[in-house]
Amino acid sequence: MSEISEVGVSGTVAGTAERPAMSRFVPYVIWALLLTVPFWLPMLGGYTALAGRVLVFALAAMSFNILLGFTGVMSFGHAAYFGLGAYGAGLCLKYVSASTPLAMLAGTLLGGIAGTLFGLLLVRRRGVYFAMVTIAFGQVCFYIAYKWDSFTGGYDGLRGFSRMPIDLGLFKLDITNNETIFYFFILFVFGIAAALQGFLLRSPFGRTLLAIRENERRARFLGIPVERHIWLSFSISCFFTALAGTLYALLNNF
């Protein structure tokens, strides 16, 4: 029995030591796959724009996870901020300036600021009441987008714009017709956004969000301003979701 217990303990220790060692290589494998997508995806019958679409929705999901996964608050209307980001980018390219960076900035600010202002109205709601209010705001955005035909295109969608090359001074990044270059541009934005989210969620602010998720009453007794942190989490999530929306509009030129 003693031999069996020793083997069991040693096996458990070895298993726990191997798992972290293997998990350290997972991000490198994922990034290696993402960096080589244009080379191996066509051999599987896919196309580069599909990989770009995956990155866009992955960014949107990660942004939503800041609110749901780390703060424990459910929003059923987050697609509104994704849509505001997309419409903001498209409208900026069509009516303001043929500048891709400016369009991305405009769309991100439109969706992020809308989420920030709306968050002030619902931070004191919890559970199903919070979720229902977010649905209501999402439906308002839906109604405006599909009824204002002359401005948004309504059910036919917003057309008449396209992503433009990015002037970096010494050279231009041609993302207009080259799908591979545009994919790497999306991957670059995705990487920056993922790094920012990781830094934020590993900070004391991110740990505070986890405390609120695990036990809101205890967090409040510890002196944490719960409503303020939920509002900040909602706002930050909306900004990143709107950024994903701008990339979606540029990906489709629609």
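Is helix α12 largely enclosed by the rest of the structure or largely open, and how many of its residues are buried? Of its 27 residues, 20 are buried, so α12 is largely enclosed by the rest of the structure. Buried means under 20% relative accessible area (1.4 Å probe, protein chains only). Helices are DSSP runs of H or I with at least four residues, numbered from the N terminus.

The model is predicted: local features need pLDDT of at least 70, side-chain atom pairs count only at pLDDT 80 or more, and totals for chains, interfaces and linings use all residues. Residues are numbered from 1 along each chain as its sequence is written, and side-chain values use heavy atoms, without hydrogens or water.

The end C-alpha atoms of α12 are 39 Å apart. N253 follows α12 and has a positive phi, near 50 degrees.

The largest nonpolar core holds 39 residues. Such a core is a set of buried Ala, Val, Leu, Ile, Met, Phe, Trp, Tyr and Cys residues joined through side-chain atoms within 4.5 Å. F185 and L247 touch the most other members. Helix α9 gives the largest share, 9 residues. Contacts of L247 (heavy atoms within 4.5 Å) include V56, M104, F182 and F185. A second, separate core has 18 residues, among them A80 and C238.

Helices α5 (residues 79-96) and α7 (residues 127-147) pack at about 30 degrees, with axes 9 Å apart. Axes are lines fitted to C-alpha atoms over the stretch in contact, and angles run from 0 to 180 degrees between N-to-C directions. From α5, the contact uses A80, Y81, L84 and Y87. From α7, it uses F137, G138, C141 and A145.

How values were computed: Helix = DSSP H or I, 4+ residues; strand = E, 2+ residues; numbered from the N terminus. Buried < 20%, exposed > 50% of the residue type's maximum accessible area, 1.4 Å probe, protein only. Expected span 1.5 Å × (residues − 1). Lists of a residue's contacts leave out its neighbours within four places in sequence.
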